[in-house]
Amino acid sequence: MEPQGSERAERFRASVQAFVADLVPPDWRGIGALHPIERETFQEKTRAALAERGWVAPAWPREYGGAGLGPAELVVVIEELTAAGIPSGSDNDEFGITMLGNTMLRWSDPTLLRRFLPRIVSGEYVFAQGFSEPGAGSDLASLSLRAEPHGDQWVLNGQKLWSSGAHKANWTFVLARTNPDAPAHRGISMLLVPLDQPGIDIRPIRNLTGEADFNEIFFDNATTELALVVGEIDRGWTVAMTLLGFERGATALKAPIRFRNELDRLIELVRERRLHRDPDIRRRIAWCHVQVEQLRCHGLRTADTLIAGEEPGPAAAAFKLLWSEYHQRATELAVDVLGLDALTPAGRSSPNWFHTDDPGAPNSSASWTSVYLNARAGTIYAGSSQIQRGIVGELVLGLPKEPRPAPTATC
């Protein structure tokens, strides 16, 4: 199974490869080989170069800061940048462009698009996601953040949790309950809320690696304009499902390439430790190879879906389930190969809270152990494995809904 690119797409691929060659030095091994300060500088330089070409959001119309590329060319840009170990934007672009911007193009009117999309591309507006709450994670419809209309504004009260990158953002898109009398999945709206205001308190949460990449956001009479609703008022659940489809669809194109790169590093680590003749290690490496190839095929299928002009559907849940559970086992193998060195990590840690370390990263014990710890969360964030299995069962395989527990009797 290989992608069947058009002649035009392959010519475009050559132009992307030429762009990459001009951007990086001759001895380029990937952004992971750079010192942290050099990495930050290179990422800013790259994002500016991509934004100038419209490639930060390649498929968006030119009037909104994109390049107006078709699906086939979009796939080419993602493949070539990922394979070269070049970031396609800032860390928060996953939220502002991949998730929010693509969803707004589907649901918002031109006035809102003209106001927000060019500023997201330029980097003036930096977004974080505000979905989960202390009582609403996998059961997102149980959210309780309230948004009440007051004059020409919404007034928001409540809390969001696990908001990755909120400490770097100046805006957030939130799901809020705008009709408390409606059933759980109704009466929810997606609102755009500025974070730089007195009614917002962002509190970082330290994770297993010792970093603070995600946050709590508290809303205490915070406000946003009444017009800043993505889609229709009280119809935010449908909008949110569109957004989650875009999130998982983009991941299916990038992740297999990164996992292949990471597996090559793992094989190199096994050889360095002279464990390549160990039968158990060889069996586990073979299993990882099969899984990465399976993920690659899922990515190609997603590419075909996009090229056909279709939006990523519920089948993307299967991909999320596969990669998150694969990555835990692959990084467990790396820790086993490191042995006692994993207890005293040394060297450079991964700067990423999501997926793998960067291409070109050193095979240090700190790199592998930090990715191993982050991988523990992979089966929880963006929908837990249980939720993904439910989506695949109900919406892909047509199985009946999972029965809910009977309500507990009260005296």
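Helices (H or I, at least four residues) and strands (E, at least two) are DSSP runs, numbered from the N terminus. The model is predicted: local features need pLDDT of at least 70 and side-chain atom pairs count only at pLDDT 80 or more, while totals for chains, interfaces and linings use all residues. Residues are numbered from 1 along each chain as its sequence is written, and side-chain values use heavy atoms, with hydrogens and water left out.

Helix 5 has 13 residues and spans 18 Å from its first C-alpha to its last, close to the 18 Å expected at 1.5 Å a residue, where the expected span is 1.5 Å times one less than the number of residues. Its buried residues (buried means under 20% relative accessible area, exposed over 50%, partly exposed in between, with a 1.4 Å probe and protein chains only) are Leu-112, Leu-113, Phe-116, Leu-117, Ile-120 and Val-121. An α-helix has 3.6 residues a turn, so residues three or four places apart point the same way. The cover over the buried residues of helix 5 includes helix 2, helix 4, strand 1 (127-130), strand 4, strand 5 and strand 8 (229-230).

A nonpolar core is a set of buried Ala, Val, Leu, Ile, Met, Phe, Trp, Tyr and Cys residues joined through side-chain atoms within 4.5 Å. The largest has 57 residues, of which Phe-173, Met-190 and Leu-192 touch the most other members. Among the elements that each supply at least two residues of this core are helix 5 (110-122), strand 4 (171-177), strand 5 (188-194) and helix 6 (236-272). Leaving aside neighbours within four places in sequence, Met-190 is in contact (heavy atoms within 4.5 Å) with residues including Leu-100, Phe-131, Phe-173, Leu-228 and Leu-243. A second, separate core of 23 residues includes Leu-266, Cys-288, Phe-319 and Ala-330.

Glu-310 lies in the loop between helix 7 (279-307) and helix 8. Glu-310 is partly exposed, with a relative accessible area of 48%. Glu-310 and Trp-107 are 203 residues apart in sequence and 16 Å apart in space, C-alpha to C-alpha.
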